[in-house]
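User: I have a structure to go through, and I would like to discuss it piece by piece. Please keep the answers plain.

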Amino acid sequence: MRNKFFMVFVACLGLSLLLPPLPEQASLTSVFRLTDEPAVITRGTSGSVLTVNISFGDVEVEQWIQQLDKPYPLLFVDIDWAKRFPETIRLIHEKNIPVGLLGNQGNAYEQNTSLFPQQLEQFETLFEVRPLWFRTVDEVFPQSLHTQLWEAEINALGSSIVWHGGDSPPIVEGEIISIPHHRGDHIVLTELKKVYKGRTFTTIEDMLFKTTVKTKKIPN
């Protein structure tokens with residue numbers, strides 16, 4: 001009997017050495033590309049997604065984040081702002097709110113090709129993860145920048161509409177709504193309830209993995 005168990009053990013050990021390891025379970029926090037070639041994702045085909053670009057604000061932003069419920073909006077965070085408000089960044093961490101990297105004006109990346117790598121390194125230091133999403137503050141993506149994004153396997157995300165307040169925009173299936181929150185260009189965040197009225201928001205991953213992605217090609 002002892003010899004039989006020994007033979008089974010040896011056989012199992014041999015198989016474990018010969019067979020390749022099982023692949024790790026896929027995670028949405030891993031890096032992925034949603035397009036087959038360089039392009040800016042501008043919308044899906046169903047549902048609604050809310051994104052908020054943040055480069056300004058302190059107490060109001062922190063209180064708004066404290067009150068957020070799932071499904072969370074995708075926050076695009078300016079690096080300089082993030083470094084000034086570590087408590088707010090810690091709160092984003094604790095609530096596991098999805099975060100993308102908010103860049104500068106698009107033309108800044110043509111003038112300084114080292115800008116994006118620097119911002120990416122700072123983001124990874126702050127959030128301890130590589131961003132899946134990147135957006136310039138004006139949603140302009142020069143070819144040189146988009147090449148860098150493609151090589152880094154980071155998705156360029158635009159939007160279907162930029163809402164600056166006022167009446168709620170009409171609902172369009174597959175819409176990606178962008179809310180700017182910058183110095184001189186921001187709304188009172190409680191006004192976002194206007195956009196929520198009549199909409200059921202979903203996460204960007206749920207929208208884009210379940211539907212066809214619509215993109216805008218980058219000019220050469």
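User: Which element gives the most to the lining of the second largest pocket?

Analyst: The model is a predicted one. In it, α2 gives the most to that lining, with 4 residues.

User: How much space lies in the second largest pocket?

Analyst: The second largest pocket holds about 300 Å³ of space. Its lining consists of 16 residues, and those closest to the centre are Trp64, Gln67, Leu68, Leu189 and Thr190. Two or more lining residues come from each of α2 (59–67) and α8 (193–196).

User: And by class, how many residues of that lining are nonpolar, polar and charged?

Analyst: The lining of the second largest pocket has 7 nonpolar residues, together with 4 polar and 5 charged ones.

User: Back to α2. Which of its residues are buried?

Analyst: The buried residues of α2 are Val61, Trp64 and Ile65. They line one face of the helix, because they fall within an arc of 100 degrees when seen down the axis of α2. Trp64 is also among the residues closest to the centre of the second largest pocket.

User: Which residues line the second largest cavity?

Analyst: Its lining is made up of Val49, Leu50, Tyr72, Pro73, Leu74, Pro98, Thr202, Thr203, Ile204 and Glu205. The elements that give two or more residues to this lining are β2 and α9 (204–210). By class, the lining of this cavity divides into 7 nonpolar residues, 2 polar and 1 charged.

User: Now the chain as a whole. How many helices and strands does it have, and what share of its residues is buried?

Analyst: The protein chain has 9 helices and 9 strands. Of its 220 residues, 42% are buried.

User: What share of the contacts with a separation of 6 or more comes from residues 24 or more positions apart?

Analyst: Such residues account for 72% of those contacts in the protein chain.

Key
Residues are numbered from 1 along each chain as its sequence is written. This is a predicted model: local features need pLDDT of at least 70, side-chain atom pairs count only at pLDDT 80 or more; totals for chains, interfaces and linings use all residues. Side-chain values use heavy atoms; hydrogens and water are left out. On a 1 Å grid over the protein atoms alone, a cavity is a set of points where a 1.4 Å probe fits but cannot get out, and a pocket is an open set with protein on both sides within 12 Å along at least five of seven lines; lining residues have an atom within 4 Å of a point. Grid points are joined across faces, edges and corners, and a volume is the space filled by probe spheres set on the points. Ala, Val, Leu, Ile, Met, Phe, Trp, Tyr, Cys and Pro count as nonpolar, Asp, Glu, Lys and Arg as charged, and the others, Gly among them, as polar. Buried means under 20% relative accessible area, exposed over 50%, partly exposed in between (1.4 Å probe, protein chains only). The arc is that of the directions from the helix axis to the C-beta atoms. Contact means heavy atoms within 4.5 Å.
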